[in-house]
Protein chains: 2
Amino acid sequence: MLHRRDVRGNNFLADDVPDDIIDRILRSASLAPSVGYSQPWEFVVIRDAAIKAKVSASFELENKSAESAFADDKKEIYARLKLEGILEAPVNIAVFYKPEEEPVLGQGSMPETGQYSVVCAVQNMWLMSRALNVGLGWVSILDPLAVKEILNSPPANKLVAYLCIGYVGEFFSTPELERLQWKARKPLEAAIHRESYPEDTNVNKKIQAPII
Amino acid sequence: MLHRRDVRGNNFLADDVPDDIIDRILRSASLAPSVGYSQPWEFVVIRDAAIKAKVSASFELENKSAESAFADDKKEIYARLKLEGILEAPVNIAVFYKPEEEPVLGQGSMPETGQYSVVCAVQNMWLMSRALNVGLGWVSILDPLAVKEILNSPPANKLVAYLCIGYVGEFFSTPELERLQWKARKPLEAAIHRESYPEDTNVNKKIQAPII
């Protein structure tokens, strides 16, 4: 967990990742928890350069519009960041959530737990990859509908994650966005509360000052 | 990963889980990947019996209405399942997503990756708990707004997971819903596609038969 990193195109090697390694990574996904034991994950394993090129084109479009969301000083840094490795990684895996038609035990009150199960599977893949000395990067700067169309996905499925997988030059000792001073590590203690949130964090106070 | 289990109230021991163990579990959460290194997780650690009782009451309400979603034969089995350990587990942890006010790198095209980051943190907690021989169960049969109110959560935060944590009688060798024949393990191979989904899985065919 400590040594897991998000790997981008500046760090992937061209060396092929053999099928038996990809199989072990997919096997780890299938060991993830899932709401009502629904196992609602599907995987598209991509090695084809033409398909990667189409996904990469979607990234370029989305990335250009994402850049404009940042203030001028951050915009310049943003433009220099290498944020994905779609073409550089020998293997891409698109991970989908496939909803069930029947009701799923435990999913009625919080329907998003279906997608969450798929995210647990992705985190297993990330840790298993690291244990096998394989790098993994999650690309979220994509139009999910465009990727669904490129991969011929059934309409009901939802793209949860698009992963780039390959051997790496090195695993950095700290996250890249920390190293490049985009963002600092937050102190964990500030994120922990005991028994409940303190009263004064709640903006919608129930007890208001009496009107005089 | 292979030996991780969802633990319920039929299997938690009353033995206390010391703070240093809970701290290690929370530390593992903070090592999770997060979109744009946003680290958007917050944790409420609950040991107070009165707060647990309120959350448990929300579970009972939701569970009663969840039961009615199933057909008659499954309804009976459902009613006999023990699906949570809110009162039995010495420690509960509510895990929240706290959205940032500023734009987050990588979150523009897929806003749900904020919550997904929190799910990655939960999966780290699950695996770290198992490595420490501590059981963890994720309760999703809850009204998230009711739990937010009980815990005095800021309105903008979203409840992602409610976890029950404690030592266990045993870790079962297979998932409980498999053992109780509620659902079987799916063959992994059926969930894997190569390069793209096959043409015929797509209901919205682009090429239609010519109209004569």
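Visitor: What should I know about the model and its labels?

Guide: This is a predicted model: local features need pLDDT of at least 70, side-chain atom pairs count only at pLDDT 80 or more, and totals for chains, interfaces and linings use all residues. Residues are numbered from 1 along each chain as its sequence is written, chains are lettered from A and ligands numbered from 1 in the order in which they are written, and side-chain values use heavy atoms, with hydrogens and water left out.

Visitor: Through which surface do the copies meet?

Guide: Contact means heavy atoms within 4.5 Å. Of the interface residues of chain A, 100% are also interface residues in chain B, so the copies meet through the same surface.

Visitor: Which elements does chain A have?

Guide: Helices (H or I, at least four residues) and strands (E, at least two) are DSSP runs, numbered from the N terminus. Chain A has 6 helices and 5 strands. Their order from the N terminus is α-β-α-α-β-α-β-α-β-α-β.

Visitor: What is the strand order in the open sheet?

Guide: Two strands pair if DSSP finds at least two bridges between them. The open sheet has 5 strands, in the order β5(A)-β1(B)-β2(B)-β4(B)-β3(B), with mixed pairing. Its edge strands are β5 (192-194) of chain A and β3 (135-139) of chain B; each pairs on one side only. β3(B) runs antiparallel to β4(B) (residues 158-166), and 5 bridges join them. One bridge partner pair is G135(B) with G166(B).

Visitor: Which residues have the most contacts inside the largest nonpolar core?

Guide: A nonpolar core is a set of buried Ala, Val, Leu, Ile, Met, Phe, Trp, Tyr and Cys residues joined through side-chain atoms within 4.5 Å. Buried means under 20% relative accessible area, exposed over 50%, partly exposed in between (1.4 Å probe, protein chains only). The largest core has 66 residues; F43(A), I93(A), M125(A), F43(B) and I93(B) have the most contacts inside it.

Visitor: What does F43(A) touch?

Guide: Leave out residues up to four places away in sequence. Then F43(A) touches residues including L26(A), I93(A) and M125(A), and also L188(B), A191(B), I192(B) and H193(B).

Visitor: What share of chain A is buried?

Guide: Buried residues make up 57% of its 212 residues.
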